[in-house]
Amino acid sequence: MDYSISHILRYKYKNLFTVISLTILTFLLSSLFLISNSIKYELNIVLDQLPDIIIQNQKGGIKTLVDESLVYDILDINGVKDVKSRVWGYYDFKKADVKFLLVGVEEFELDKYDVNNTSILVGIGVRDILKKYYYNDYFNFINSDGNIKKLYIKSNFDTVTKLESNDIIVLNKDTLKNIFGFEDSEATDIAVYVANKSEIPTIAYKLQDKYQNMKIITKEDIKTGYAEIFDYKSGIFLSLFIISLFTFFVIIYDRMSGVSSEQKHEIGVLKAIGWRVQDVLKAKFYEATIISLSSYLIGIILSYIYIYIFQAPLLKNIFLGSSSLLRNVDFSFVLNIDILFIIFFLSVPIYIAATIIPSWKLSTLDADEVMR
Amino acid sequence: MIKFNNVTKRYGDLIALDSIDLEFKKGELIVLKGVSGSGKSTILSLIASLLKPTQGEIIVDDKKISKLADHFSSSFRRDNIGFIFQKYNLIKNLSVKDNILLPLVPLNLDTLELENRLEIVLEMFNISHKRDIIVKNLSGGEQQRVAIARANINSPHIILADEPTANLDDKLSKDFISILKDMKSLSKTIVVATHDPLFFDLDFVDKIINIKNGKLVI
């Protein structure tokens, strides 16, 4: 081990370059895997909470409001466990150039969210943006008729994930209808809950058959939609991933083919003074392990710091879009052993092999021949 | 005891040694003389099992070393041979201490044992004051002392020296002769390959063997 450490230090500039290259590669791969994984984790939690089926009204192919009275008809369909009309919409806060998601709750649910007819509950992202514009205690909504509706800000949302609650404002359903100018009987859409999850496609088919003009969306449809968006973004990064791997293999190739005459001579000397092949390989193994493992660990730690402490500047914008609200999302810490293993096997053993193989080739030759 | 029985060594078409028979007794100091390319260094490499003969057998202490597998050749060298190379073959960017201790690295000896052995050879070859100096910063004579110390660190009973004075001035060459005498007094078998006349009139040399074109000259 002492010999291996001294060997690393003797070629410190070359080894430092290798460590930096490997660290950057590990950092890049790890950051991409982790950020994509964190977003999928957040999204899965959010999507799992969605209703089994959502019914939207449309006219001329454009989404419009739905009549709340449909709820009672749908409840009569066999297999439907529960039906709720949902009132929600996006409020355009022009000063900050962001959209808040307003979600209306029934009168009897207000206590659950700690709000009343004159207050709203806001997500962390909303709170931070409102504070920037000095709305610390209340916010003035502009109704569809142009009047101002003043509502008091209560507290922050405490939901399962930060992504879900970040841009949300929860308020009384009637107040929301008033802000958006909905009729009393109108809702944004209808949420359907099915008793037996395997029956969702059948119920969706029945609903589509019954309401030909409406758009029936299952939870699976939404999941697929999100997956496509992130797969597209992941595809862009797959290219980066391939470039990184290519760079890595160039380094490896250089290492395998470029054993310097000085190093070659050193292996010859070691053999001449009594080192066996396994002694040389052991020293080279320690050397390669120290370099690759330290690069791997530094790269992984840096990527965790980059994502979970600094919240992945740059990459976050690319994955989550340019909305300032989404940029406020905090990534939740997820320790994914699979990712750590994949990156480990793509870097450490390959580098060790690339160091050991040329040394093994040289050390199996006669010492006299190697020293020449 | 070192014995060559009808040993031939070829490098491709070139015959370096041609059917040689030799015998060196334990504790003897033997000088192999001859011009460059005569085959002296090849004899040393064969004794050290750095090379394998093309034909014939080499016996060291009743063991046939001519057919040893690589693994056993290395172990044989480590346990029996101290080789002083013509160009010293030190690792230039390691310290004196680290160079001398290199043969012992695979043995995983404890620090105290390493220090004891190191102190003995540093003192014996008068190089203690340079212990932590990087070898490339030493003079030729000092580098040779480090090479000699390294060759003795594992207490071998056979010392091989290839053109030991080729890179030394008169004074340093005489210093080496003095060291050689000291090593002989420790009952080591010493084989020196040289064309330096300085070795040919030494009273403590047991045998001088003349080699020409890979053959012994009688």
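**View 1. I2 of chain B and the sheet around it.** In the predicted model, I2(B) has V60(B), a residue of β4(B), as its bridge partner. This pair belongs to the contact between strand β1 of chain B, residues 2-11, and strand β4 of chain B, residues 55-60, two strands that run antiparallel and are joined by 5 bridges. Both strands are part of an open sheet of 4 strands in chain B, ordered β2-β1-β4-β5 and with antiparallel pairing. The edges of the sheet are formed by β2 (14-24) and β5 (63-64) of chain B, each of which pairs on one side only.

**View 2. Helix α1 of chain B on the sheet.** Helix α1 of chain B, residues 40-47, packs on this sheet and touches β1, β2 and β4 of chain B, its direction making about 120° with that of β1(B). The helix is mostly covered, since 8 of its 8 residues are buried; among them are K40(B), S41(B) and T42(B) as well as I43(B), L44(B) and I47(B). After α1(B) comes S49(B), whose phi is positive, near 60°.

View 3. Most residues other than glycine have a negative phi. S19(B) is partly exposed because 15 other C-beta atoms lie within 10 Å. D62(B), located in the loop between β4 and β5 of chain B, is likewise not a glycine and has a positive phi of about 65°. D62(B) has 7 C-beta neighbours inside 10 Å and therefore counts as exposed.

**View 4. The nonpolar cores.** The largest nonpolar core has 72 residues, and the members that touch the most other members are I47(B), F83(B), I84(B), V146(B), A149(B), L160(B) and V191(B). One of these, I47(B), is also a buried residue of α1(B). When neighbours within four places in sequence are left aside, A149(B) is in contact with I100(B), V121(B), L122(B), F125(B) and I127(B).

**View 5. Strand β4 of chain A and its two partners.** Strand β4 of chain A, residues 80-93, pairs in the antiparallel sense with strand β11 of chain A, residues 189-194, over 6 bridges. Within this pairing, K84(A) stands opposite A191(A) in β11(A). β4(A) also pairs in the antiparallel sense with strand β5 of chain A, residues 98-105, here over 7 bridges, and W88(A) stands opposite V103(A) in β5(A). The hairpin of β4(A) and β5(A) has 4 residues between the strands, and in this hairpin D97(A) takes a positive phi near 55°.

**View 6. The contact between chains A and B.** Chain A gives 19 residues to the contact and chain B gives 20 residues. On the side of chain A that touches chain B, the elements that give two or more residues are α1 (2-10), α9 (261-272), α10 (277-309) and α14 (367-371) of chain A. The largest share of this side, 5 residues, comes from α9(A). Sorted by class, the side of chain A that touches chain B has 9 nonpolar, 3 polar and 7 charged residues.

View 7. Chain B has 6 helices and 10 strands, and 45% of its 218 residues count as buried. Among the contacts in chain B between residues at least 6 apart in sequence, 70% join residues that are at least 24 apart. The average pLDDT of chain B is 88, and 100% of the residues score at least 70. Among the elements of chain B, the lowest mean pLDDT (84) belongs to helix α6, residues 170-185, and the highest (93) to helix α3, residues 96-101. The model scores ipTM 0.87 and pTM 0.70.

Methods:
Residues are numbered from 1 along each chain as its sequence is written. Chains are lettered from A and ligands numbered from 1 in the order in which they are written. This is a predicted model: local features need pLDDT of at least 70, side-chain atom pairs count only at pLDDT 80 or more; totals for chains, interfaces and linings use all residues. Two strands pair if DSSP finds at least two bridges between them. Two residues are in contact if their C-beta atoms, placed from the backbone, lie within 7 Å. Axes are lines fitted to C-alpha atoms, for helices over the stretch in contact, and angles run from 0 to 180 degrees between N-to-C directions. A residue is buried if 20 or more other C-beta atoms lie within 10 Å of its own, exposed if 12 or fewer, and partly exposed in between; C-beta atoms are placed from the backbone. A nonpolar core is a set of buried Ala, Val, Leu, Ile, Met, Phe, Trp, Tyr and Cys residues joined through C-beta atoms within 7 Å. Ala, Val, Leu, Ile, Met, Phe, Trp, Tyr, Cys and Pro count as nonpolar, Asp, Glu, Lys and Arg as charged, and the others, Gly among them, as polar. pLDDT is the predictor's confidence in each residue, from 0 to 100.
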